[in-house]
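Let's go through the pockets and the salt bridges of this one together.

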Amino acid sequence: MWASPFVLRVRFALSLKGVSYEYVEEDLKNKSELLLKSNPVHTKVPVLIHNGEPVCESSVILQYIDEAFAGIGPSLLPADPHDRAVARFWASYIDDKLLKAFSQALNGKTEEEKAEGAKQAAAAVETLEGALMECSKGKPFFGGDSAGYVDLMLGGLLPWIHVGDTMKSVKAFDPATTPLLAAWADSFGALDAVEPFMPEVSKLVEFAMAMMSQAAAATTTN
């Protein structure tokens, strides 16, 4: 699904590894039999089908891609067990803390909920600034010289972070307060493996506004 940050993670990863694939757009309002059969537990995208076997959940798919196509392109996860564990920790943090906070800031039911989400998001961003300093060791990416697992996990959210910036008239990765993340966002977005798949922020804003209108209409109806 073109607007899904989770799908973007997988598309970026496949592109980064240089793996060719067939992309199938899914209508989430009228889910296909293939999706329902491939991901019966969550019935969500993305699903990677390789050798006839489905793999679900973006974080799991990224690790699968790294292992299944180990001989192709750059490694997504570090070779060192401790570094690999650290990368998995920050990947989980991105979904457990940052993503949930950003979602609440955008989609909270009340202004108080939105404000609390924004506060939590700002704290999570500050924490990730420190994580980038620690993991990158002075290089452009969490993965060092090249983008890796954590970069892809955060990178999939990047277009939606820009949407939040546009709609809230703020900058989540502000060069003044989080210079490393601001520079990282520019570097990641400019990657040859990433740029062609980045959706236009204006289209995502339109999509977000339509979703919010639908949600408001449904609430009014109920």
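This is a predicted model: local features need pLDDT of at least 70, side-chain atom pairs count only at pLDDT 80 or more; totals for chains, interfaces and linings use all residues.

Q: How much space lies in the largest pocket?
A: Residues are numbered from 1 along each chain as its sequence is written, and side-chain values use heavy atoms, with hydrogens and water left out. A pocket here is an open set of points on a 1 Å grid over the protein atoms alone, where a 1.4 Å probe fits, with protein on both sides within 12 Å along at least five of seven lines. Taking volume as the space filled by probe spheres set on the points, with points joined across faces, edges and corners, the largest pocket comes to about 1,200 Å³.

Q: Which residues that line the largest pocket are the closest to its centre?
A: Lining residues have an atom within 4 Å of a point. There are 35 of them here, and the closest to the centre are Pro5, Phe6, Ser103, Asn107 and Met211.

Q: Which helix supplies the largest share of that lining?
A: Helices are DSSP runs (H or I, at least four residues), numbered from the N terminus. Several give at least two lining residues each, among them helix 1 (5–17) and helix 4 (81–107). The largest share, seven residues, comes from helix 9.

Q: How many residues in the lining of the second largest pocket are nonpolar?
A: This pocket holds about 580 Å³, and 23 residues line it, with Glu22, Val24, Val47, Leu48 and Ile49 the closest to its centre. Nonpolar covers Ala, Val, Leu, Ile, Met, Phe, Trp, Tyr, Cys and Pro; Asp, Glu, Lys and Arg are charged, and the others, Gly among them, are polar. The lining has four polar and three charged residues, and the nonpolar ones number 16.

Q: Which residue meets arginine 9 in a salt bridge?
A: A salt bridge is a side-chain nitrogen of Lys or Arg within 4 Å of a carboxyl oxygen of Asp or Glu, and the whole structure has four. Arginine 9 sits in helix 1 and its partner is 86 residues away in helix 4. At 2.6 Å, N to O, that partner is aspartate 95.

Q: Is aspartate 145 buried or exposed?
A: Buried means under 20% relative accessible area, exposed over 50%, and partly exposed in between (1.4 Å probe, protein chains only). Lysine 139, its salt-bridge partner at 3.4 Å, is partly exposed at 39%. Aspartate 145 has 59% relative accessibility, so it counts as exposed.
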